[in-house]
Amino acid sequence: MIENGQRVYYLINGVLFSGRIMDLECVGNKQTFSIDSYGGCEGQFVIDIDQLHQRVFLSIQEAEAAAAQGELGFMASC
C-alpha cells in the first residue's frame, strides 16, 4: 500500500504540506510511519497507518478536498 520514500500530503491546522514516508514499520498487524517533513519540538512523529485518508493523503487532490471540507488535520505542537 505505502512504501518508504513515497510522497504523501497532510494538513496542519488546515494548511497543506507534503513530505515523504520514512521509517515504515510493520509490527504484527500494525503499521506505523513518519513523514520526513513533519516533526515537532521533540523530533519526528510516529503515525499509525489508520491515519491514511483521514489526516495523511496519497494525492494532493484528496488532501485539497479534505481541506475544502474543513478538515484541519494535525495540530501544530510547538
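Close-up 1. Phe17 is partly exposed, with a relative accessible area of 36%, where buried means under 20% relative accessible area, exposed over 50%, and partly exposed in between (1.4 Å probe, protein chains only). Tyr10, in contrast, is buried, at a relative accessible area of 1%. The model is a predicted one, in which local features need pLDDT of at least 70 and side-chain atom pairs count only at pLDDT 80 or more, while totals for chains, interfaces and linings use all residues. Residues are numbered from 1 along each chain as its sequence is written, and side-chain values use heavy atoms, with hydrogens and water left out.

Close-up 2. A pair of aromatic rings is described by the distance of the centres and the angle of the planes. Rings of Phe, Tyr and Trp (its six-membered ring) pair if their centres lie within 6.5 Å, and planes under 30 degrees apart count as stacked, over 60 as edge-to-face and the rest as tilted. The structure holds 4 aromatic pairs. The pair of Tyr10 and Phe17 is stacked, because the ring centres are 5.8 Å apart and the planes stand at 20°. The rings of Tyr10 and Tyr38 form a tilted pair, because their centres are 5.4 Å apart and their planes are at 55°. This second pair links distant parts of the chain, since Tyr10 belongs to strand 1 (residues 7–12) and Tyr38 to the loop between strand 3 (30–35) and strand 4 (39–40), 28 residues apart; strands (E, at least two residues) are DSSP runs, numbered from the N terminus. Ring pairs join Tyr10, Phe17, Tyr38, Phe45 and Phe74 into a cluster.

**Close-up 3. The largest nonpolar core.** A nonpolar core is a set of buried Ala, Val, Leu, Ile, Met, Phe, Trp, Tyr and Cys residues joined through side-chain atoms within 4.5 Å. Among the 13 residues of the largest core, Phe33, Ile35, Tyr38, Ile47, Val56 and Phe74 touch the most other members. Strand 1 and strand 3 each supply at least two residues of this core, and the largest share, 3 residues, comes from strand 1. A second, separate core of 5 residues includes Tyr9, Leu11, Ala63 and Ala66.

**Close-up 4. Two residues with positive phi.** Asp23, which lies in strand 2 (residues 15–27), has a phi near 55°, a positive value in a residue other than glycine. His53, found in the loop between strand 6 (47–48) and strand 7 (56–57), likewise has a positive phi, near 70°. Asp23 is partly exposed at 45% relative accessible area, and His53 is partly exposed at 42%.

Key. Helices (H or I, at least four residues) and strands (E, at least two) are DSSP runs, numbered from the N terminus.
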